[in-house]
Amino acid sequence: MTSLPVLPSNQTAEHGDEGGAQPRKAHLLNLPDDALKDWLSERGYPAFRGKQIRRWLYSGRAESFDSMSDLPAKLRAKLAESFDIFQASEAHVSTSRDGTEKILVRLADGGEVECVLLRDGDRRSICVSSQVGCAMGCVFCASGLDGVDRNLTRGEILEQMLRLQHRLPADERLSHIVMMGMGEPLANLPGVLAALDVARNPDGLGISPRRITISTVGLPPAIDKLAASKIPYNLAVSLHAPNDELRSRLVPVNQKIGIEPVLSAADRYFQSSGRRLTFEYVLLGGINDSESCAHELTRVLRGRTVMMNVIPYNPVEGLPYKTPSKESISRFKQILESSGVNVMFRQRKGDEIDAACGQLRRNRGGKTK
């Protein structure tokens with residue numbers, strides 16, 4: 001297992017020092033295949049060199065051009081002059097007793113995002129960020145407490161995936177991807193889809209779209225655009241409440257959208273993709289964990305082919321929300337199951353390493369730049 005360097009928390013990832021910084025090289029992970037092919041052609045190299053480079057990046061786990069041993073030395077030197085493979089740095093890495101690993105990634109401009117590697121039996125799942133911060137305003141989430149700074153590029157999303165891949169032994173590979181880190185993936189749909197095109201490509205990470213999940217609070221126009229892509233990713237809609245009044249308190253963007261348009265867009269996605277929908281529901285003690293909420297939720301879901309993923313709240317320092325009691329969790333689950341709802345209660349992982357989205361960055365005084 002390899003691990004890329006970890007920088008001290010006060011060190012930046014900029015090239016050069018203040019006043020004399022050198023122009024940053026292009027980020028190779030941002031370069032589309034056609035652009036790499038053109039770059040090679042302009043320098044007299046055949047197109048198959050591009051496939052070799054991609055193999056080194058995604059399955060060969062190359063950390064430098066020097067390690068791409070089947071490329072001509074002159075080409076390796078030219079690549080090193082023009083491109084960086086990685087432009088971010090690992091500001092902090094935390095490992096939980098259950099094997100969960102979380103990386104606080106410092107981007108080239110100083111912004112910080114989080115990504116997570118989860119081990120569960122043979123599964124090696126990763127949770128990846130799509131934005132620096134988040135604009136959706138979910139009141140219980142650490143990611144959006146400071147708002148949103150910007151979208152991540154294709155390369156910045158892919159770099160998170162590769163950094164997590166590098167933490168696996170050579171005989172293990174990534175099996176699942178969840179776009180459920182910091183940010184709203186559907187608010188950065190072009191960047192997310194560009195990165196996932198590489199993730200699902202056999203010449204990339206080779207992960208089936210059926211093992212890739214995109215999470216959203218529910219942006220109907222973007223859900224329709226995702227459906228139009230005709231790629232059967234799993235869609236997970238963060239519901240968190242069974243009615244508009246409560247959902248608008250917990251997810252303020254709902255005031256402009258409403259539950260029904262979100263559900264209708266999700267239904268259209270199901271009709272287009274054939275993929276069973278997942279609805280996420282963070283269970284907040286004393287707020288949305290009542291028996292009446294559970295009964296109302298069963299009515300909302302009636303007739304829909306869905307999996308209800310219920311997540312007991314992972315407390316965030318400075319926020320007033322708490323994990324529900326074992327009794328309320330059990331009763332909530334019983335009501336859903338007795339009504340025929342497919343329900344899964346997610347096991348909490350990585351509590352001692354600030355595993356909830358945005359916690360690590362915030363607790364370490366992270367920057368949005």
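Mentor: Start with burial. Buried means under 20% relative accessible area, exposed over 50%, and partly exposed in between (1.4 Å probe, protein chains only). Glu 101 has 5% relative accessibility, so this residue counts as buried. This is a predicted model: local features need pLDDT of at least 70, side-chain atom pairs count only at pLDDT 80 or more, and totals for chains, interfaces and linings use all residues. Residues are numbered from 1 along each chain as its sequence is written, and side-chain values use heavy atoms, leaving out hydrogens and water.

Trainee: What is a salt bridge?

Mentor: Side chains of opposite charge can pair when their charged atoms come close. The cut-off is a side-chain nitrogen of Lys or Arg within 4 Å of a carboxyl oxygen of Asp or Glu. The whole structure has 17 salt bridges.

Trainee: Which side chain does Glu 101 meet in a salt bridge?

Mentor: Arg 119, at 2.8 Å from N to O. Glu 101 is in strand 4 and Arg 119 in strand 5, so the pair ties together parts 18 residues apart in sequence. Strands (E, at least two residues) and helices (H or I, at least four) are DSSP runs, numbered from the N terminus.

Trainee: Where do Arg 200 and Asp 197 lie?

Mentor: Both are in helix 5, 3 residues apart, about one turn of the helix. Arg 200 is partly exposed at 31%. Asp 197 is partly exposed too, at 32%.
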